[in-house]
Amino acid sequence: MGACCFLPPLLLERLVLHGDERQRAFALRTLATDATLRSARLQSAVLPRRGVRATTGLQRSIFDAGGLEEQPGRLVRSEGQPPVGDPAVDEAYDGLGATYRLLAQEFGRDSLDDEGLPLVATVHYGQDYDNAFWDGAQMVFGDGDGQVFLRFTLAVEVVGHELAHGMVQDEAALAYLGQSGALNESVADVFGVLVKQHALQQTAEQADWLVGAGLLAPGVGGVALRSMAAPGTAYDDDVLGKDPQPAHMDDFVTTATDNGGVHINSGIPNKAFQLTATALGGFAWERAGKVWYDALRDPLLRPTARFQAFAAATVRAAGPLGVQETVADAWAQVGVL
Amino acid sequence: MSDWQRIELERTGGLAGAPVRVHVAPDDADAARFSALLDGVDLGHLQGVDEPAGAVVDGFSYSLTIEAGGAVHDLRCGERALPEAVRPLVRALVRRGRARPGR
């Protein structure tokens with residue numbers, strides 16, 4: 001522990017990023033034991049500090065970047081204003097609302113930070129921009145290139161996914177690297193699809209369990225970006241390639257790219273959630289979602305948690321609901337427990 | 001710049017997580033266009049600004065390799081750190097990597 005007090009988090013972050021295996025292991029260990037981690041975190045961007053807020057509740061602002069890679073852009077729709085007729089703007093506005101309602105109604109949570117954080121989104125970001133991201137303080141959505149991807153606001157679960165990153169950052173602060181990064185991605189997918197299921201009032205059996213349904217342009221061989229029910233089957237296309245997600249630890253992908261495959265190996269915990277939700281039946285947010293939410297808030301869960309540590313947190317969280325066996329069985333089916 | 005031997009781009013990450021990999025050689029039909037895009041790039045000072053992992057959650061990661069004049073130049077960085085001078089080249093490479101034959 002001696003070194004931890006002298007190595008500033010920024011240096012440790014550099015070791016995590018650029019060090020060799022031993023330096024990286026040391027830095028991650030040190031960061032995990034460093035009490036300042038929750039504020040410094042592994043991310044440079046943190047939620048904006050908030051003073052005393054006069055009001056809480058749903059506060060949305062949608063900005064238009066006008067095709068530039070600039071944020072936030074021009075304010076085009078604020079809370080309470082009617083639709084503006086631009087689908088990207090209005091889909092983003094509705095998606096933020098759907099996400100806020102899921103968190104407030106089913107988890108008693110006031111926005112991403114449980115302190116009424118205003119929700120900010122930028123649309124029409126960049127030219128042919130094939131992505132959506134969370135920058136630590138707001139969501140950003142591209143229009144897609146029209147050839148492979150359509151606009152990213154089309155799928156409400158993608159809006160929910162980006163917002164859920166904000167909640168993960170505020171709670172477990174799962175480090176965006178390797179298994180903890182894949183957990184960060186998976187939790188974002190879980191809450192993303194819960195937003196959709198909640199908006200449509202679908203049960204676990206009725207849900208399609210797809211992330212990014214309808215985002216692929218016509219002619220692309222696939223149905224979505226990811227499938228939580230059948231990871232690895234969302235697309236298979238000449239240009240896009242084949243969905244690389246594994247559904248079991250036996251097929252875990254070791255890679256240096258994508259921060260250690262955070263968008264690839266998330267298929268494993270995704271499948272564990274889908275198995276839990278379908279085994280329990282009914283609305284997924286009621287029990288499976290509650291278990292995952294409580295695990296995310298478990299003070300024993302470290303930012304560097306691996307799959308087994310998160311699985312253990314979900315089993316602990318399942319106790320009060322009397323569904324420990326179902327949850328443990330789901331993780332066993334994907335080879336984690 | 002016409003004195004180059006290869007240009008390679010790998011873009012990973014992003015919400016979709018579907019990588020783009022492109023390789024362009026000097027005998028490419030569009031070689032002249034890529035040469036023009038290389039003109040604005042100072043290969044001797046090709047580097048991104050360091051940023052921590054996950055500074056942009058769901059952001060893209062880039063790995064660009066340019067072999068020119070007998071030297072190999074590498075750039076690895078997140079999307080925010082991508083130098084302004086290489087962005088037009090990177091955009092053209094991604095468009096190439098995502099082009100559907102016959103469209």
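Into which domains is chain A divided, and what are their bounds?

A: Chain A is divided into domain 1, which covers 4–171, and domain 2, which covers 178–333, with bounds that come from an automatic or database domain assignment. This is a predicted model, in which local features need pLDDT of at least 70 and side-chain atom pairs pLDDT 80 or more, while totals for chains, interfaces and linings use all residues. Residues are numbered from 1 along each chain as written, chains are lettered from A and ligands numbered from 1 in the order written, and side-chain values use heavy atoms, without hydrogens or water.

Across the boundary between the two domains of chain A, 33 residues of domain 1 are in contact (heavy atoms within 4.5 Å) with 36 residues of domain 2. The area buried between domain 1 and domain 2 of chain A (the accessible area, with a 1.4 Å probe, that two parts lose on being put together, summed over both) is about 2,900 Å², and carbon and sulfur atoms give 70% of that area. On the side of domain 1 of chain A, the residues that lose the most area to domain 2 are Leu102(A), Phe107(A) and Glu157(A), which together account for 22% of what that side buries.

Looking at chain A as a whole, one finds eleven helices and nine strands, taken as DSSP runs numbered from the N terminus (H or I, at least four residues, for helices; E, at least two, for strands). Of the 337 residues of chain A, 58% count as buried, a word that stands for under 20% relative accessible area, with exposed over 50% and partly exposed in between (1.4 Å probe, protein chains only). Among the contacts in chain A with a separation of 6 or more, 57% are made by residues 24 or more positions apart.

Helix α9 of chain A, residues 288–296, shows how burial works out in one element, because seven of its nine residues are buried and it is therefore largely enclosed by the rest of the structure. The buried residues of α9(A) are Ala288(A), Gly289(A), Val291(A), Trp292(A), Tyr293(A), Ala295(A) and Leu296(A). What covers these buried residues of α9(A) includes the helices α4, α5 (156–170), α6 (178–200), α8 (267–280), α10 and α11 (324–333) of chain A.

The side chain of Asp86(A) reaches the backbone nitrogen of Ala88(A) at 3.0 Å, and the C-alpha atoms of Asp86(A) and Val76(A), which are ten residues apart along the chain, are separated by 9.8 Å.

Note on methods. Polar contact = N/O pair within 3.5 Å; in protein donor to acceptor, adjacent residues only side chain to side chain.
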